[in-house]
Protein chains: 4
Amino acid sequence: MKINDEDRAVILFSCPDRRGIVAETAHFVSTYNGNIIHSSQHKDDDEGIFFMRIEWSLTDFAIPKEKIFSAFEPIALKYKMDWELKFGNERAKVAVFVSKFDHCLYELLIRYKEGDLPCDIVQIIGNHEDTRKIAEYFGIPFVCIPISPETKAAAEAEELALLEEKKVDLIVLARYMQILSPVFVERYRNKIINIHHSFLPAFIGAKPYHQAYKRGVKLIGATGHYVTGDLDEGPIIEQDVVRISHRDSIRDLIRKGKNLEKEVLARAVKLHLEHKVLSYSNKTVVFDY
Amino acid sequence: MKINDEDRAVILFSCPDRRGIVAETAHFVSTYNGNIIHSSQHKDDDEGIFFMRIEWSLTDFAIPKEKIFSAFEPIALKYKMDWELKFGNERAKVAVFVSKFDHCLYELLIRYKEGDLPCDIVQIIGNHEDTRKIAEYFGIPFVCIPISPETKAAAEAEELALLEEKKVDLIVLARYMQILSPVFVERYRNKIINIHHSFLPAFIGAKPYHQAYKRGVKLIGATGHYVTGDLDEGPIIEQDVVRISHRDSIRDLIRKGKNLEKEVLARAVKLHLEHKVLSYSNKTVVFDY
Amino acid sequence: MKINDEDRAVILFSCPDRRGIVAETAHFVSTYNGNIIHSSQHKDDDEGIFFMRIEWSLTDFAIPKEKIFSAFEPIALKYKMDWELKFGNERAKVAVFVSKFDHCLYELLIRYKEGDLPCDIVQIIGNHEDTRKIAEYFGIPFVCIPISPETKAAAEAEELALLEEKKVDLIVLARYMQILSPVFVERYRNKIINIHHSFLPAFIGAKPYHQAYKRGVKLIGATGHYVTGDLDEGPIIEQDVVRISHRDSIRDLIRKGKNLEKEVLARAVKLHLEHKVLSYSNKTVVFDY
Amino acid sequence: MKINDEDRAVILFSCPDRRGIVAETAHFVSTYNGNIIHSSQHKDDDEGIFFMRIEWSLTDFAIPKEKIFSAFEPIALKYKMDWELKFGNERAKVAVFVSKFDHCLYELLIRYKEGDLPCDIVQIIGNHEDTRKIAEYFGIPFVCIPISPETKAAAEAEELALLEEKKVDLIVLARYMQILSPVFVERYRNKIINIHHSFLPAFIGAKPYHQAYKRGVKLIGATGHYVTGDLDEGPIIEQDVVRISHRDSIRDLIRKGKNLEKEVLARAVKLHLEHKVLSYSNKTVVFDY
C-alpha cells in the first residue's frame, strides 16, 4: 500500500456485529464521491465482534478533510464503533528505544530512509551510549537515559516527558533490554511494539536462544507484538521462523535470529503504521491484503 | 471458509473500474437483509479493471435463491460486470485426469473424503489402468481412455462426451501426462487446473526436475495453474518451493517434489472451488483472505 | 539417500570426544576396500560428545557382512562408542498406532507403498475400528485394541506381545490419542516417534490448535519427536510451521495443521529409518546431509 | 562456524572419485595430532567427481603452518586434486561494487561490522557517488569510477589496477548495474558474487520484478551466484523466495525483493568466505553442514 502517495483516508473500527455495517460504511464513502482503494472486514464469531478497514482516495471527495470525522460520527455511534480516522499524509511520530544491540535499529532507519515506513522517526532513546553515532549518522535526535533500579522511576518520567513533548504516536522497542513499568505501558496502550526473540509463546522471558538451544528445537522464531502489562504476553502482530540444526551453536542461533528479528520487527511496525492492525482480546486482526 | 456449511451466496465479478461499485454491491446485499460474511475487492491500476468477491448468508435474505440472479442483474449490467453467482450448497462437479503417478490423485481424494474440498468428484479418467484400484477404493467411477497419436482425437471426443454427461464444472489434471488439444482447452476455459512440477516460468516443458538438477538451483517448486493453449503459460493460481542441496539426486528431487506438487495442487483446487479465483490477462486475482 | 538400493553398511555412534576417531573409522572402511558414500560427524562442545555416521558400499568390501561387527568392535571399545551397525538391505519392521484421525496413516502408507520409506510396515494397531478399511486396502495387518482406564494395562500387554511377535523395531504414533505407560515407553526407548500438533515447546498437552487460536499466533506448527516419559518433552527430530491469520477459525487451523502434521511425521520417520538420527541429552543430531 | 576464532586450517578439494580419499585425508590430519572440527564430502555420480572439505584445529598440530601445504601436496598429487588450503585467521580481502541502490551494501557492512563476515572489506567501488557517505560512515575507502560505453575499457582497467593493488580476493556486486567484460570476469573466476533479483533461471536479464509482475507469479525470488561470461547463468550459491499476491504492485515487489536480496547476498558471501563453496560444471557444492 502506498498510503502516503496521495491524499487518502482510512477508517478502522471494531463494533458489535450487526447487519448493514459494510454497506453503510461503503455507501458513506461512495455517496460523497470517494473512490474505495481497499476495504476489508472480519467477524469474530465467538466474540460477536465485527472489524473493518476502509481506505479511499480523497481526490474529488465531497467532504473536506477536517469535516470527515463529524460526518462519519453518526454512523459510528449508530453501530457503537470503536473507531479511528487516519489520513495518508499524516505521518505517525515514532520513538525508537534501544540498548546495545543495533541490528533492529539499523533496519528500521534504513527502511525509514528509503521511504518504506510511512512515519517520522523523531527520537531515539538509548539506555546506553552505544547507538548515538548511528542516530547522528541518520540525523535523528538521540538521548541516553540510563536505567538502574534506583533511577528507573525518574528515568521513565524523563522518557514520558520527552515523548509528550515530541508528540510521539508509536514507540518501537528495538531490542530494548528494559521492562517498562505498568503505568508507562498503560499510557501507550497498543502503541508500543516490541520484538521478542522467540516464537511466542515458546521461550518466554530471558535468553530465549539459550532456551531454544537446550530444548533442541529445529526452528527458531521471532515475534513482533504490542506490549502489555504481562511480559511477552501482548497481542502478536507478526511472527516468523528460520531453520536451524544441531550444527548451530548458541552463537549461530543469535546470529541467525538477528536477521529474523529485524525483518519481523520492521514488518510489524509497517503494518501498524499503515493502520492495518486492530487489537482485541489479546489478539490482533491484521488487514494485510 | 466453510462455504458449504450453510446457505450462502457468492458473487464474483470483474468490471471496468468506476466509483460506487463496492457500495452498490454491498447495499444490494444488506438492503435485502443479507449478512455479509466476506467481501474483498481489488483494482488493477494498469488495466483499469475492478474485481470483487462478496459472500453473504442467505438466512433471512429477502430474495429467494432462484430470483437473486435477476435481482442483481441490473447492477451487473450498469457496471458492465463479467460476473457469476454461486451458492454454498451447490457443489461443483469435478473430474480428475490422471496417468500413472498417483500421489496427487490420492491427496485430492483423501482431502475430498475428509470434506476439505467442497465439490463432488464424479469421475476419474486415466489414460492408463494404474489408478483404477484407487478410484474403486474411494468409490469414484473410473474409466481408462488410452491415448496414442492415432487415437487422440477419438479419445478426446470420448472424454468430452463423458464430461458433458456428468455435467463436469472443473477438470483437475493430477499429473496427467497428455497435452489437451486447443479445442478441448477452449471448451473448458479457466476450468482446467494443472500442476506443473516447477516454479514457473522456470523449467517450462518436459522433465523440469532434470532441468533443475542440471542448472543447480537451490530450491525446487510446483505451480498450480489454469490450462490455456500455451503449454505451462496459463494463469498461475498457487506456487510453492522446497529447499534442496547438491546432496539431492534427481530421484530425491522427484520425491521431494511429489510432496510439494500434491500440496500446491490441492490448495489451487480448493481456492477455485471456493470461488476465490478470478482470471484476467493471463494472471489471477486470488481472494484468499 | 538410497540406502536400500544396493548393499551398503552404516555405522552410527556417539562417544567421548577424542582425536583420531574420524581417521580411524574412515581407515577401517577404506583399508578393507569399502567405498565411503557419506560420512558426517558432529561434536557437542558443551558435553564433549562426538557423533559420527559413516555409510559405505559393501561391493568389493573385504570383510563379509556377518563379520563386520566383530571387526569394528575393537575400535568401538577403544573409543568407548555407543554404536550400531546397520545394513542397507535390512528393513526395519514398523508398527503404526492410530486412533480415528487417518491423515497421518494415509501419508505413511502412500509413501511406504511408493518406496519412499525403507521399512516393512508389519502391523497397524488402532484403539478404534475406524482405520481398519485403510489397512486392508493397503494390505497391512490391522488389530483393534480398545483402551479404557480399566483395560489399559491389559491392552498394553496385548500390544507389547504383538510387537514382540512381529519383531517390531519402530513404533509410529500417527495421531494416536492415548498416552503410553512409562514401562511401554522404556521398552522402546528412542524407538517410538510421535507427531505433536504444535511447534513444541509451545502448546504442550491437549488441544494445541485451540490454544494457538486463543493466543492469536500467526504461525502454527507440528513436531515429530521421540516419546519419553515426559509428555511432549522428548527429543525433537523435525519441526515445521505454516502461516495462519485472524481469518482462520479453529477448524481452519485443524485443516491446515493436518497437512503439516503428516508431512513432518513422514519426514521424521524417514530420517529415523535411514539411520540418520542420534539422540542424546533430550536433543537429536540429525545427519540430513 | 567460527573459522576465525582460533587457529584452524581448511582443505577444500575436488578430484576424480577413488577409494581411500576420505581415510587418507583424515589420516593426514590425525596422524599429526590435528583435531578435526568438520569434515564433509560429496560425490557426483554422474560426473565421477569427489568433493571434500576438512577443517581442523591447529592447536597441537605437529606441522607448522607454513609447511602444511608441502606436507599435504603428495596426497593431493596422488589423487589429482584441485585443492586449496586456507587458514582461519587469514581473512579474505573483499571489494564491494555498487551503483545507486544501497540496501545490499548496508547489509554487508552491518554484518561485517558485527563480525558475521570473516573478511576485510578493503574497498568500495561505485559507478555513482551515491554511496560515498555510507562508505565513509563505516570507514571503508570509496572510489567513484563512472562507466559509460566510451569509458568502459578505461574504467575497468582502473578497477583492475585498484583490485590488484588492494590484493582483493573476492568481489561482491551489491546490485551493481554494470556488466563486467569477459576479461574482467575471467581474471576473477569464481571470485565475483552477484545478486540477481529473481529466482533464476526465471526472469533472466533486465527488470525481473516487472517480468514477475507481468507473469503473475505468486512468489518472487533472489539468487546469489558466481559471475561467469554468460549473464545470470553462473553457478548458484544461494536462493530464496518470498510470497506475493495480486495486491502487490511492482513497487511492492521491489520493496519486498530488496529485503530478500540483501539476505540472500549476505548468506552467499558468508558461505564463500567460510570456504564452504566448491564450483564445478556450472553448479556448486555448498558444504553448509
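**Exercise 1.** How many residues of chain B are in contact with how many residues of chain C?

*Solution.* The model is predicted: local features need pLDDT of at least 70, side-chain atom pairs count only at pLDDT 80 or more, and totals for chains, interfaces and linings use all residues. Residues are numbered from 1 along each chain as its sequence is written, while chains are lettered from A and ligands numbered from 1 in the order in which they are written.

Step 1. Contact requires C-beta atoms, placed from the backbone, within 7 Å. By this criterion 12 residues of chain B touch 12 residues of chain C.

Step 2. Two or more residues on the chain B side come from each of helix H3 (103-113) and helix H8 (250-273) of chain B; helices are DSSP runs (H or I, at least four residues) numbered from the N terminus. H8(B) gives the most, with 4 residues.

Step 3. Sorted by class, the chain B side holds 4 nonpolar, 2 polar and 6 charged residues. Ala, Val, Leu, Ile, Met, Phe, Trp, Tyr, Cys and Pro count as nonpolar, Asp, Glu, Lys and Arg as charged, and the others, Gly among them, as polar.

**Exercise 2.** Which rotation superposes chain B on chain C?

*Solution.* Step 1. Least squares on the C-alpha atoms of residues with pLDDT of at least 70 in both copies gives a rotation of 180° with 0.0 Å of shift along its axis (RMSD 0.1 Å).

Step 2. The two copies are therefore related as by a two-fold rotation axis.

Step 3. Of the contact residues of chain B, 100% recur in chain C, so the same surface serves both copies.

Step 4. Tyr137(B) is the residue of chain B that comes closest to the axis, at 3.7 Å (C-alpha).

Methods: Contact = placed C-beta atoms within 7 Å.
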